[in-house]
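I open this notebook to record, entry by entry, what I looked up in one structure.

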Amino acid sequence: MVGEIMFSKKFKKIGLKIAYYRKRKALKQMDVAEKAGISCSYLSKIETGKVRYSLAVLIQIAKVLDIDPGELLTDGSSY
């Protein structure tokens, strides 16, 4: 149970970073989702930490945002 909570917090942190970089580049969820090959509602759930997603999806989103996927996985970025 504790591991599950920590896992969920990590997904939420990554989602917040995705939203931060998307807004910083003045992109709409719809645009990022379309270019990443996912639905807008799925991206919204990713950004709010409500769903789990694959590394492949994370990489696609990072490509659209023109950032290294590592930026989303490390704790060094401020958002």
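**Entry 1: H2 and H3.** I first looked up how H2 and H3 lie against each other, and found that they pack at an angle of about 105°, with their axes 8 Å apart. Angles of 65 to 115 degrees count as roughly perpendicular, and H2 and H3 are therefore roughly perpendicular to each other. On the H2 side I noted Gln29, Met30, Val32 and Ala33, which make the contact with Cys40, Leu43, Ser44 and Glu47 of H3. Sorted by class, the residues of this contact are five nonpolar, two polar and one charged. I keep in mind that the model I am reading is predicted.

**Entry 2: H2 and H4.** Next I asked at what angle H2 and H4 pack. The angle between H2 (residues 29–36) and H4 (residues 55–65) is about 120°, and their axes are 9 Å apart. H2 and H4 are therefore oblique to each other, and the crossing in which H2 passes H4 is right-handed. I wrote down Val32, Lys35 and Ala36 as the residues of H2 that meet Gln60, Ile61, Val64 and Leu65 in H4. By class, I have five nonpolar, one polar and one charged residues in the contact of H2 with H4.

**Entry 3: aromatic rings.** I then looked for aromatic pairs, of which the structure holds two. In one of them, phenylalanine 11 and tyrosine 53 have ring centres 4.7 Å apart and planes at 80°, so the pair is edge-to-face. This pair links distant parts of the chain, since phenylalanine 11 is in helix H1 and tyrosine 53 is in the loop between helix H3 (40–47) and H4, 42 residues apart.

**Entry 4: confidence.** Last, I checked the pLDDT, which averages 90 over the chain, with 86% of the residues scoring at least 70. Among the elements of the chain, helix H1 (residues 2–24) has the lowest mean pLDDT, 86, whereas H2 has the highest, 98.

Conventions:
Residues are numbered from 1 along each chain as its sequence is written. This is a predicted model: local features need pLDDT of at least 70, side-chain atom pairs count only at pLDDT 80 or more; totals for chains, interfaces and linings use all residues. Side-chain values use heavy atoms; hydrogens and water are left out. Axes are lines fitted to C-alpha atoms, for helices over the stretch in contact, and angles run from 0 to 180 degrees between N-to-C directions. Helices (H or I, at least four residues) and strands (E, at least two) are DSSP runs, numbered from the N terminus. Angles under 35 degrees count as roughly parallel, over 145 as roughly antiparallel, 65 to 115 as roughly perpendicular and the rest as oblique. A crossing is left-handed if the near helix is turned anticlockwise from the far one by less than a right angle, and right-handed if clockwise. Contact means heavy atoms within 4.5 Å. Ala, Val, Leu, Ile, Met, Phe, Trp, Tyr, Cys and Pro count as nonpolar, Asp, Glu, Lys and Arg as charged, and the others, Gly among them, as polar. pLDDT is the predictor's confidence in each residue, from 0 to 100. Rings of Phe, Tyr and Trp (its six-membered ring) pair if their centres lie within 6.5 Å; planes under 30 degrees apart count as stacked, over 60 as edge-to-face and the rest as tilted.
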